[in-house]
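Open the model in your viewer and keep the selection panel at hand. The stops below go from a ligand to a sheet and then to a single residue.

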Amino acid sequence: MTEIIDDGGTASAARARIGDAVRARLDRNPLVSRIDSPRLEIYGRQAFLTPEECAGLRALIDSDARPSTLFSGSANAEYRTSHSCNLSPWDPLVEAITGRICALTGLPPENGETLQGQRYTEGQEYKVHCDYFPVTASYWPAMLKSGGQRTWTAMIYLSPVESGGETHFPHCEFMIPPAEGMILIWNNLDREGAPNLNSLHAARPVTSGTKYVVTKWFRERRWAP
Ligand SMILES: O=C(O)CCC(=O)C(=O)O
Ligand SMILES: [Fe+2]
């Protein structure tokens with residue numbers, strides 16, 4: 001019997017290569033800017049989606065959103081107070097936008113989890129967390145089989161927010177205010193392919209207005225839930 005090596009928490013040449021390829025591709029794109037941070041690889045592109053596309057995705061989220069759960073499956077009233085939903089990959093708008101995220105990053109569509117929509121009304125937030133999986137978590141063995149560690153996150157803001165709702169990276173000492181249509185792309189792993197603690201982030205509480213986002217998390221291998 002071959003034993004599966006539980007290496008999602010360590011450096012890995014395969015994961016480092018994914019980082020290298022995405023970095024090279026984004027660095028070459030004149031529409032994409034690297035956000036200056038020594039501790040985290042993070043990029044942004046304004047107006048990745050048109051206002052009409054943002055409105056279309058907001059309508060899909062409004063039609064299906066329910067109270068968010070945490071990855072562990074527990075509904076946590078305190079920690080992630082937004083509403084969220086998985087967007088159907090067969091919806092033509094979702095399909096088109098997913099294709100564009102993959103073209104932008106060069107990441108294979110089959111490694112991407114289902115596009116998730118999220119809505120935060122006033123007072124709602126998603127407290128500090130990492131998108132990569134802790135290998136000590138009870139759900140890690142299942143994640144290892146379903147595509148392994150998460151690598152890059154792509155997130156698109158779908159609405160302007162009057163105040164609050166910034167995406168805050170506390171170890172990097174910056175936060176990004178939502179701008180309708182803007183995509184943020186960050187590497188949850190470091191250059192060696194190990195989880196990067198500095199990718200810790202939070203969605204700060206919305207203080208006025210409503211915030212909508214879609215998030216796509218990519219795995220190191222084909223996602224097979
Ligand atoms: O809404 C945000 O600004 C962050 C969302 C987030 O962290 C996530 O979906 O993993
Ligand atoms: Fe996150």
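Which residues surround ligand 1? Select Gln-118, Tyr-126, Asp-131, Met-155, Thr-167, His-201, Ala-203, Val-213 and Thr-215; a residue is near a molecule if its C-beta atom, placed from the backbone, lies within 6 Å of it. This is a predicted model, in which local features need pLDDT of at least 70 and side-chain atom pairs count only at pLDDT 80 or more, while totals for chains, interfaces and linings use all residues. Residues are numbered from 1 along each chain as its sequence is written, and chains are lettered from A and ligands numbered from 1 in the order in which they are written.

Colour the shell around ligand 1 by class: four residues are nonpolar, four polar and one charged (Ala, Val, Leu, Ile, Met, Phe, Trp, Tyr, Cys and Pro count as nonpolar, Asp, Glu, Lys and Arg as charged, and the others, Gly among them, as polar).

Next, select the open sheet of four strands, ordered β6-β12-β9-β10 with antiparallel pairing. Strands are DSSP runs of E, at least two residues, and helices runs of H or I, at least four, numbered from the N terminus; two strands pair if DSSP finds at least two bridges between them. At the edges, β6 (126-129) and β10 (174-176) each pair on one side only.

Zoom in on β9 (residues 167-169), which pairs with β12 over two antiparallel bridges. Here His-168 lies opposite Ala-202 of β12.

Last, select Thr-10, in the segment before α1 (13-28).
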